[in-house]
Amino acid sequence: MQSIVEIQKQSLAPGVLSKIDDAPVVISLEHIHKTYTMGDVEVHALRGISLEIKKGEFVAIMGASGSGKSTTMNIIGCLDRPTKGHYFLDGEDLSQLSKDQRADIRNKKLGFVFQGFNLLSRTSALENVELPMLYAGVETSERHRRSLAALAAVGLAGREKNHPNQLSGGQQQRVAIARSLVNDPALILADEPTGNLDSRTSVEVMEIFQRLNRERGMTLILVTHEPDIAEYADRVVVFKDGRIKSDYRIESPRNATEELKLLPVVEFDDEDDEATDEVRTEDRVNEKRPGLKVGKLSQA
Amino acid sequence: MRAALTMLGIIIGVSAVIAMVSIGQGAQQSVQAQIASIGTNLLFVSAGAQNVGGVRTGTGDTGTNTLTVEDLDAIKREVPSVSMVTPTVNTRSQLIFGSQNWNTQIQGVSEQFPEIRKWTVQDGSFFTDADVRTAARVLIVGQTIADNLFPGTSAVGQTLRVKDLPFRVVGVMARKGQDQQGRDQDDTAFAPYTTVQKKILGSPRVQVAYVSALSPDATYTAQVQIGELLRQRHKLGPQDADDFSVRNMSDIADAANQTNSIMTMLLASIASVSLVVGGIGIMNIMLVSVTERTREIGIRMAIGARSSAVRTQFLIESVVLSLTGGLIGILLGLGVSLLIPSLLGWPTAVSLAAVIGSVIFSAAVGIFFGYYPARKAASLDPIDALRYE
């Protein structure tokens, strides 16, 4: 004789494993396997992942290299297809879509933020933010309006005409976040977004993410290898060897807004590039400037 | 800067094509102008059948005696659409004046020659029909002969020797310049044809007769009628081929034009090779560009660009390159076409067809040679592209 809970669980769509909750499920990964063939060797990047993410969750994905977290991100981001298993986004099965169909999903339903910012050089911030809308066929005045709004939302009003080489790392990442917002996506995927930023700028970026999560109910999935950064999320999923090792809630996530208030106040005056104190010097050392390759932080 | 170098092949190719074609057109137009100056109602009747498109053009001597003065008189009398006839008999000889001599061509013609040929006398006068009847030993010289044998003085009234015979110079022809084949037309002397036949050559031969029709419209009729008359006089049956030929200026012009067209097409083809090279240059640069922008392509794809959008983007870029090169090439070619007449003395005439053709061809080169790089860009995998250093 099954309990009521068991019956209720069975009547739900197959693969829904989490507790019954108010929020709808945005992402559902069911028994996802991914295998690469490199020559004679088969690499099992994912060995049966099942994961559910609800609307409004802020999830941090952690794990060592080779744990499968990047592969999972690529599958969630529709950049790659699982070898086996199903991926549901907003209830739609995306696992077997064509290349063009996946491009459309990425355009309209997903927002990406990368470690290396990945902005187009020699292009203004406004044009960078507009890019997803160009591919969505949005007409010019609407594109303009939404881009300006997005830039304002990340605190970059007035910087529309700057090119990436005229912006600091933190500002470039903010442009990237603005870009991820413009097509009003179901969720934002961030891959080590603070990896190339110094500590203070990292907090500023996490503050933007938390604000988007709180005020707009934006679902966020963030990959990081830094436990400090993961603590800003309200849920952490840890990968190991192609499987999920643990999946736990954070009861009291760090509050970036509060932390910013407590950090030494350094007016980040971008016009004036003078180092005025230790924090600024740290900026210079840690913060990635485009075109400069600094050890293993190098990317673009 | 890189763009400028890439376009160089196209620029050179297009400007070369434009320049070549305008030289060809210019030559063609000058041929037509020459025809107009000679007179479009001029016919050439000569002994022996000659090819129109072939090498011989009209002063050839086949050695046959099939054309006689009597034939020409008959033509003058009996063909209504003919207005004037002058037989010509040509020979080369030394003209000796005192200690000077000058080897030149002496054309034996009738007194109607200046009118038929539209070539006037500048000093003195042409000989008369009386001179023709009496086979008088009179000579009209061209400007080149006058300049060389009688520098500084008038040639008129002077006596010089032709094959030991004294001839009196009665006139100097107006300057004519070079003909289409580059021969100096002023290096000729004229004497009555009877004189040349009897006193110099000792033969009643007629080589070519210049016949002028009453009007340009009558030319074709005259051509046909002369043919019929001569066949009759030479007693040729329906199966017999003509033993003479009657040609008009446009036949000769056609021959020249045909050669001209072949030359122009050859030159343009060679210039087109440069366009192909230019296209290869574009393909090369676009391939490099795709590789350099691998990451950018990855970003665009991650943001949602479809493969077709990426392909179109790169195709457009390569067409812009090739079209810009084409336009610059057109401007350059036009400039060269305008300069050549003053620099080389060759006439040029710009061809609108060549300009339009160049625009289309440049665009086509851009599309054709840009396609492979564009396809390569579109087939990139976004994950790999994003990781590219």
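**Close-up 1. Strand 9 of chain B and its paired neighbours.** In strand 9 (residues 208–213) of chain B, Ala209(B) is the bridge partner of Pro87(B). This is a predicted model, in which local features need pLDDT of at least 70 and side-chain atom pairs count only at pLDDT 80 or more, whereas totals for chains, interfaces and linings use all residues. Residues are numbered from 1 along each chain as its sequence is written, and chains are lettered from A and ligands numbered from 1 in the order in which they are written. Strand 2 (residues 82–97) of chain B runs antiparallel to strand 9 of chain B and is joined to it by six bridges; two strands pair if DSSP finds at least two bridges between them, and helices (H or I, at least four residues) and strands (E, at least two) are DSSP runs, numbered from the N terminus. Strand 1 (residues 42–47) of chain B also pairs with strand 9 of chain B in the antiparallel sense, over five bridges, with Ser46(B) standing opposite Val208(B). Six of the six residues of strand 9 of chain B are buried, so the strand is largely enclosed by the rest of the structure; a residue is buried if 20 or more other C-beta atoms lie within 10 Å of its own, exposed if 12 or fewer, and partly exposed in between, with C-beta atoms placed from the backbone. Val208(B), Tyr210(B) and Ser212(B) cover one side, and Ala209(B), Val211(B) and Ala213(B) the other.

Close-up 2. The axes of helix 1 (residues 2–38) and helix 8 (residues 249–292) of chain B come within 7 Å and cross at roughly 175°, where axes are lines fitted to C-alpha atoms, for helices over the stretch in contact, and angles run from 0 to 180 degrees between N-to-C directions. Helix 1 and helix 8 of chain B are therefore roughly antiparallel to each other (under 35 degrees counts as roughly parallel, over 145 as roughly antiparallel, 65 to 115 as roughly perpendicular and the rest as oblique). Their contact has 22 nonpolar, 13 polar and one charged residues; Ala, Val, Leu, Ile, Met, Phe, Trp, Tyr, Cys and Pro count as nonpolar, Asp, Glu, Lys and Arg as charged, and the others, Gly among them, as polar. The axes of helix 8 and helix 10 of chain B come within 11 Å and cross at roughly 145°.

**Close-up 3. Thr348(B) in its loop.** Thr348(B) is found in the loop between helix 10 and helix 11 (352–378) of chain B, and counts as buried because it has 25 C-beta neighbours inside 10 Å. Leaving aside neighbours within four places in sequence, Thr348(B) is in contact with residues including Ser22(B), Ile23(B) and Gly26(B), contact meaning that C-beta atoms, placed from the backbone, lie within 7 Å. Thr348(B) and Val21(B), 327 residues apart in sequence, are 8.5 Å apart in space, C-alpha to C-alpha.

**Close-up 4. The open sheet of chain A.** Four strands of chain A form an open sheet in the order 2-1-4-5, with antiparallel pairing. Strand 2 (41–54) and strand 5 (92–93) of chain A are the edge strands, each pairing on one side only. Strand 1 (residues 25–38) and strand 4 (residues 84–89) of chain A pair over five bridges, and Glu30(A) has His86(A) as its bridge partner in strand 4 of chain A.

Terms used. Two residues are in contact if their C-beta atoms, placed from the backbone, lie within 7 Å.
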